[in-house]
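Here is a short tour of one protein model. Keep the sequence and the 3D view side by side as you read.

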Amino acid sequence: MNDSAVLLNPRSVRDSQSEMAEIVLPNDANPLGALLGGRLMHWIDLAGAMAAHRHSRHYVVTASIDHLDFLVPVRVGDLVILRSSVNRVFRTSMEVGVKVWVENYISDSSAYLTYVAVDREGCRLPVPAVVPEDDEEQRRYEDAGRRREIRRTELERRRHRMR
Ligand SMILES: CC(C)(COP(=O)(O)OP(=O)(O)OC[C@H]1O[C@@H](n2cnc3c(N)ncnc32)[C@H](O)[C@@H]1OP(=O)(O)O)[C@@H](O)C(=O)NCCC(=O)NCCS
């Protein structure tokens, strides 16, 4: 098997799982001491890109971030934990789920991002399939398919409006 065929061998969700932890510092916060939403989005994007890169073994660019709710204020000194993994691969794109925990809070939140694998010149590359191995991974895989349809419809609607 040549190198490019090996690169397209299906991989488990486990292989893409990534974790990041950040302590909220004053520079990450607004004057009220609450974490800036934009900083959290940056961390979510980084955590998501890690999983996408681990899975595809290529450079990746962020194509979209689904909507995000900020459920609880996160304070200076809090420890934020982000866990990510690939939910589903389409052709050159993959949906990654990122879960965010704030240690000591009960609630957590999730974000779904789509990354596209590209080479150094920015040309899109096919991504190996991801194989769900348990019920939870299977549920995420199926949900990702439904979300993709919604995204495509929404994108088409926005493009139509811009014409
Ligand atoms: C993302 C990007 C590569 C898609 O390019 P494009 O010309 O729209 O390409 P295509 O229409 O062929 O789509 C390529 C894939 O991306 C997916 N895609 C494109 N736009 C998308 C969007 N808004 N949301 C989710 N997926 C999207 C397509 O469904 C397709 O997936 P598939 O190959 O798995 O079926 C291009 O829009 C781009 O380079 N955007 C800028 C990325 C960037 O700079 N991100 C921030 C910094 S990393």
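Where is Arg 57 found?

Arg 57 is found in the loop between α2 and β3. The model is a predicted one. In it, Arg 57 comes after α2 and has a positive phi, near 60°. Arg 57 is not a glycine. Most residues other than glycine have a negative phi.

Is Arg 57 buried or partly exposed? Arg 57 has 15 other C-beta atoms within 10 Å, so Arg 57 is partly exposed. A buried residue would need 20 or more.

## The overall plan

Now step back to the whole chain. The protein has 3 helices and 7 strands. From the N terminus on, their order is α-β-β-α-β-β-β-β-β-α.

The C-alpha trace spans about 55 × 40 × 35 Å along its principal axes. With 163 residues, a compact globule would have a radius of gyration near 15 Å. The protein has 17 Å, which agrees. Of the 163 residues, 28% count as buried.

Look also at which parts of the chain meet. Take the contacts with a separation of 6 or more: 72% of them join residues 24 or more positions apart.

Start with α2, which covers residues 37-56. At 1.5 Å a residue, the 20 residues of α2 should span 28 Å. The end C-alpha atoms of α2 are 28 Å apart, which agrees. Several residues of α2 are buried, among them Leu 40, Ile 44, Ala 47, Ala 52 and His 55.

Next comes α3, residues 135-162. The 28 residues of α3 should span 40 Å, and the end C-alpha atoms are 41 Å apart, which agrees. How many residues of α3 are buried? The number is 2 of 28, so α3 lies largely in the open.

## The nonpolar core

In soluble globular proteins, nonpolar side chains tend to be buried together. Here the largest nonpolar core has 29 residues. Those with the most contacts inside this core are Ile 44, Ala 52, Val 86, Met 94, Val 96, Val 98 and Tyr 115. The elements that give two or more residues to the core are α2, β4 (79-89), β5 (93-102) and β6 (108-118). The largest share, 7 residues, comes from α2.

Which residues does Val 86 contact, leaving aside neighbours within four places in sequence? They are Val 13, Ser 16, Ala 51, Ala 52, His 55, Met 94, Val 96 and Val 130. Of these, Ala 51, Ala 52 and His 55 are buried residues of α2.

## Around the ligand

The ligand is surrounded by 13 residues. The closest are Ser 64, Phe 90, Arg 91, Thr 92 and Ser 93. By class, the shell has 5 nonpolar, 5 polar and 3 charged residues. At least two shell residues come from each of β3 (59-65), β6 and α3. Strand β3 gives the most, with 4 residues.

Take Ser 64 as an example from this shell. Ser 64 is found in strand β3. With 14 C-beta neighbours inside 10 Å, Ser 64 counts as partly exposed. Beyond residues up to four places away in sequence, Ser 64 touches Leu 113, Thr 114 and Arg 151. By contrast, Gly 37 is 27 residues from Ser 64 along the chain, and their C-alpha atoms are separated by 17 Å.

Notes. Residues numbered from 1 in each chain as written. Predicted model: local features only at pLDDT ≥ 70, side-chain atom pairs only at ≥ 80, totals over all residues. Core = buried A, V, L, I, M, F, W, Y, C linked by C-beta atoms within 7 Å. Buried ≥ 20, exposed ≤ 12 C-beta atoms within 10 Å, placed from the backbone. Contact = placed C-beta atoms within 7 Å. Expected span 1.5 Å × (residues − 1). Rg over C-alpha atoms; globule rule 2.2 N^0.38 Å. Near = placed C-beta within 6 Å. Nonpolar A, V, L, I, M, F, W, Y, C, P; charged D, E, K, R; others polar.
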